[in-house]
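Student: Could we go through this model together, one packing at a time?

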Amino acid sequence: MELKGKVVLVTGASRGIGAATAKLLARHGASVAVNYVKNQAAAEAVVKAIASEGGRAAAIHADARNPQEVAALVEETKNELGPIDILVLNAGMGVPLKPFMELSYKEFQNKVMGEMDCFFHPLKAVVPSMVERKSGCIIGISSGLSRYPAPRFSAHTTAKSAVDGLMKSLALELGSYGIRVNVVSPGLTMTDATAWQPKEQVEAIARMTPLQRVAQPEDIAGAVLMLASEETRFITGVYIPVCGGQLML
Ligand SMILES: NC(=O)c1ccc[n+]([C@@H]2O[C@H](COP(=O)([O-])OP(=O)(O)OC[C@H]3O[C@@H](n4cnc5c(N)ncnc54)[C@H](OP(=O)(O)O)[C@@H]3O)[C@@H](O)[C@H]2O)c1
């Protein structure tokens with residue numbers, strides 16, 4: 001139970017990678033704030049699953065792009081579970097899948113600025129208390145596409161490259177306060193967000209992957225757990241691809 005006594009906020013934890021992360025961290029002893037924006041029933045199902053294993057969690061609504069709602073989310077987390085020790089920045093914007101020539105400025109702006117808002121506001125709301133307590137762990141969920149772009153993903157690649165830059169900058173600035181900042185970078189992971197992918201495409205990606213499959217949300221959660229653990233206390237500023245070896249740095 002390496003996370004016993006720790007409080008974790010996972011943004012966008014009602015489904016997919018966020019939900020798997022909330023459950024895994026809770027299984028390892030953390031109390032978890034399960035943030036959602038629309039799907040309260042799914043968030044409550046995550047909380048119920050955690051409670052059924054003896055864990056502690058709370059479903060808390062907030063649009064991660066909205067500074068007032070995020071401030072309320074952090075306050076409610078503090079009141080219900082305690083001050084946040086570990087922040088997992090997982091909520092992101094849907095991907096406008098278009099060749100650049102067809103991508104409107106509005107679509108580009110929604111994706112890139114929306115993603116930045118989902119990172120900036122939770123960071124602004126949580127970091128001061130971590131600085132005060134001289135301790136904290138922040139994990140940003142990026143994407144392998146920040147390092148190897150693919151056709152039609154220009155807005156996503158841009159947004160996730162910005163995530164990587166922000167996380168590295170914070171690793172530098174916050175290290176002297178005992179705060180670690182790292183990036184987990186999933187390859188294709190089977191969630192609601194990727195359910196549109198044709199089966200043949202998923203199989204082709206699996207064949208090109210050294211470990212011969214695509215990821216499940218639990219695979220990504222495992223890397224988050226590793227970085228959240230005290231055992232990785234001297235690791236900061238890293239980018240960990242979780243893609244079965246498809247991207248080797
Ligand atoms: N799946 C992949 O292949 C893949 C690959 C690389 C990176 N990623 C990254 O991994 C992260 C999670 O992706 P996923 O595939 O797990 O997505 P998903 O299954 O579509 O789940 C999205 C989650 O984020 C929440 N959410 C969406 N917008 C939000 C907002 N504005 N504020 C708060 N919560 C919000 C949703 O809440 P509701 O349930 O309330 O709607 C839901 O819990 C994203 O940052 C994504 O870019 C995914």
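Tutor: Two residues are in contact if their C-beta atoms, placed from the backbone, lie within 7 Å. This is a predicted model, in which local features need pLDDT of at least 70 and side-chain atom pairs count only at pLDDT 80 or more, while totals for chains, interfaces and linings use all residues. Residues are numbered from 1 along each chain as its sequence is written.

Student: Which residues of α2 do A19, A22, K23 and A26 of α1 meet?
Tutor: Helices (H or I, at least four residues) and strands (E, at least two) are DSSP runs numbered from the N terminus, and helix α2 covers residues 40–52. On the α1 side, A19, A22, K23 and A26 take part, and their counterparts in α2 are V46, A49 and I50.

Student: By class, how many nonpolar residues has the contact of α1 with α2?
Tutor: Ala, Val, Leu, Ile, Met, Phe, Trp, Tyr, Cys and Pro count as nonpolar, Asp, Glu, Lys and Arg as charged, and the others, Gly among them, as polar. On that basis the contact of α1 with α2 has one charged and no polar residues, and the number of nonpolar residues is six.

Student: How are α1 and α2 oriented to each other, roughly parallel or roughly antiparallel?
Tutor: Their axes come within 10 Å and cross at roughly 20°, where axes are lines fitted to C-alpha atoms (for helices over the stretch in contact) and angles run from 0 to 180 degrees between N-to-C directions. Angles under 35 degrees count as roughly parallel, over 145 as roughly antiparallel, 65 to 115 as roughly perpendicular and the rest as oblique. The pair α1 and α2 is therefore roughly parallel.

Student: Which residues of α5 make the contact with α4?
Tutor: The axes of α4 (residues 105–133) and α5 (residues 154–174) come within 8 Å and cross at roughly 20°, which means that α4 is roughly parallel to α5. From α4 the contact takes E107, F108, K111, V112, E115, M116, F119 and V127, and from α5 it takes A155, H156, T158, A159, A162, V163, L166 and L174.

Student: At what angle do the axes of α3 and α4 cross?
Tutor: P67, V70, A71 and V74 of α3 make this contact with H121, P122, A125 and V126 of α4, and its residues divide into seven nonpolar, one polar and no charged. The two helices are therefore oblique to each other. Their axes come within 9 Å and cross at roughly 40°.

Student: Which strands stand at the edges of the open sheet?
Tutor: Seven strands, paired in parallel, form the order β3-β2-β1-β4-β5-β6-β7; a pair needs at least two DSSP bridges between its strands. Two of them have a single partner strand each, so one side of each is left without a neighbour in the sheet, and these are β3 (56–61) and β7 (239–242).

Student: What angle does the direction of α3 make with that of β3?
Tutor: Neighbouring strands of this sheet are turned by 20° against each other on average, direction ignored. Helix α3 (residues 67–80) packs on the sheet and touches β1, β2 and β3, and the angle between its direction and that of β3 is about 155°.

Student: Which element gives the largest share of the shell around the ligand?
Tutor: The ligand is surrounded by 30 residues (C-beta atom, placed from the backbone, within 6 Å), the closest being G12, G16, N39, G92 and T191. Elements giving two or more residues are α1 (16–27) and β2. The largest share, three residues, comes from α1.
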